[in-house]
Amino acid sequence: MITLKDVNKSYVEGVPALADVNIQIDEGEFVFVVGDSGSGKSTLIKLLLKELEPTSGTIVINDKVLSQIPHRQVPKFRRNIGCVFQDFRLLKDRNVYENVAFAQRVISAPNRSIKEKVPKMLSLVGLAAKYKSKPNQLSGGEQQRVAIARALINEPKILLADEPTGNLDANNAWEIMKLLDEINQRGTTVLVVSHNMEIVEAMKKRVITLQQGHVVSDVQMGGADDEN
Amino acid sequence: MMYRWVVQTMKISTLGYTIKQGIKNIWTNKMFSIASIATMAACIFMFGMFYSIVVNFQHVVKDVESSVAITVFFDEGTTQDQIDEIGQKIAMRPEVSSFNYVSADEAWEEYKLEYFDGDEAAAASFGSDNPLSDKANYEIYMEDISQQSSLVSYLEGQDHVSKVRQSEMVANTLTDFNRLVSIVSAVIIVILICVAVFLISNTVRTGIAVRKEEIGIMKMIGATDFFVRAPFIVEGILIGAIGAIIPLCILYGMYGKIISYVANRFGFLNNLLTFLPAQSVFQILVPVGLVLGIGIGYIGSRATVHKHINV
């Protein structure tokens, strides 16, 4: 599903943001990527979204070699990847329903499909009753749920979450993690970048650790070790 | 071609969304939008005004052209056959609109009518003599008065032509003035178009800055270049269209009033100045003005969007 082979990325020559990264993530996996600030976590997310090009190496997602996807096909490629960020990135002038529907409008989904899918997705994330609320009327946890609903409405095969609990209190963070786990149970491959080790350890999932751009460990928590 | 591209690229729901967002952009950047619409309106207003002046002026020139004649006189002793031969040569000239032959007798009759009108005794004193016996001539009316001097040179080179009379000053003045009005109009319109394109571009750029976050989210979700850019282009087109419709309506209202004012105020010019009716001016001015406004809006916004939104 996701393969990184000998991937290097440098913003400045001689200073690698990612160095010789080799990762294989299979369909339906739930993977944490952890590491300190500057370890290359965000660079990894940007490479997977094809926002950045690697300096060298190959990235394959859904059987597509990213470097071979022409510029015009990038939007179509991104529709197979849902994204959630620490700062939620919701449209502040639109209500919950419109924020989720927005992802459908972007892919030119018919109005009929939007009316059918959005309420279902809001029910899944537990916000059906708050569909009229604006983002500033919601708690951090609720805003992140809206962001997750928006990321999933187009039924992507992969969900990337960059520090999804970074702005949340412990209770909301746990709620969001449970939701991501539930989404993974339904078949979506989930990759979560986090530095909240308490949650990471408690979730007992595969954990890839980055340090100064290098993969220093790749282990299955709570199960057999699979160290790189 | 653009229509086909839009139809192929866009579903109806997306079209509705794009137009709605375009209108929203205008509303969000009210001040910039008003400035752009005002500049566009000034541009189209000036265009419309100069166009009205130029077409009316051309209309007047055409009238004058059809009333200013070149007169060709012949050598003494020229036979009617030779005169007819010159007439055939004149008929073949493309710049000639019409011509007619005035015999010596007709010339004398005209002269008497013009100068001895009411003084029959003075005219009768000439008896049966025709003092204008050598004044048979052709009166030639031009298709285009600017061609007058070349026709005169041609006629002067013909055998049996003694003299060619022309009103060179009228021809030159009309031609020069017509050219001057056209050049001044073109220069002012080009300057205004440049200002309008710049302002629309600025408005769209501000809109892009305001919606930077939204554009980022769109890109992340997988919006196509077209989907991200289209609302800004709709914004430019709408500004252009509104900026064209307003001055065209004002000009339409003003045109009739100005014509009737000039006709009343300068009644003595009525024989010289005949204005075109509003309908014949605006049946060209309205589509041209709209195309110009929408075109400027499209070009200004498209150029900016392509420069500033890289999906």
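How many bridges join strand 7 of chain A to strand 8 of chain A, and in which sense do the two strands run? Five bridges join strand 7 to strand 8 (residues 189-194) of chain A, and the two run parallel; strands pair here if DSSP finds at least two bridges between them, and helices (H or I, at least four residues) and strands (E, at least two) are DSSP runs numbered from the N terminus. The model is a predicted one, in which local features need pLDDT of at least 70 and side-chain atom pairs count only at pLDDT 80 or more, while totals for chains, interfaces and linings use all residues. Residues are numbered from 1 along each chain as its sequence is written, and chains are lettered from A and ligands numbered from 1 in the order in which they are written.

Together with helix 6 (residues 170-185) of chain A, strands 7 and 8 of chain A make a right-handed β-α-β unit, right-handed meaning that, with the strands pointing away from the viewer, the path from the first strand over the helix to the second runs clockwise. In a regular strand the side chains alternate between the two faces of the sheet. In strand 7 of chain A, I158(A), L160(A) and D162(A) point one way and L159(A) and A161(A) the other way, and all are buried, that is, 20 or more other C-beta atoms, placed from the backbone, lie within 10 Å of their own. Over chain A, with its seven helices and ten strands, buried residues make up 43% of the 228 residues.

L159(A) and L160(A) return in the largest nonpolar core, where they are among the residues that touch the most other members, as are M40(B) and I44(B); such a core is a set of buried Ala, Val, Leu, Ile, Met, Phe, Trp, Tyr and Cys residues joined through C-beta atoms within 7 Å. This core has 107 residues, and helix 10 (residues 225-265) of chain B gives the most to it, with 13 residues. Apart from it lies another core, of seven residues, among them V72(B), Y138(B), L151(B) and L155(B).

In chain B, four strands form an open antiparallel sheet in the order 2-3-1-4. Strand 2 (96-102) and strand 4 (161-165) of chain B stand at its edges, each with a single partner strand, so one side of each is left without a neighbour in the sheet. Within the sheet, strand 1 (residues 69-74) and strand 3 (residues 137-142) of chain B pair in the antiparallel sense over five bridges, and the bridge partner of A69(B) in strand 3 is Y141(B). Helix 7 (residues 148-156) of chain B lies across strands 1, 3 and 4 of chain B and runs at about 165° to strand 4.

The contact between the chains takes 14 residues from chain B and 14 residues from chain A, two residues being in contact if their C-beta atoms, placed from the backbone, lie within 7 Å. Of the side of chain B that touches chain A, the largest share, five residues, comes from helix 9 of chain B.

Methods
Buried ≥ 20, exposed ≤ 12 C-beta atoms within 10 Å, placed from the backbone. Axes fitted to C-alpha atoms, helices over the stretch in contact; angles between N-to-C directions.
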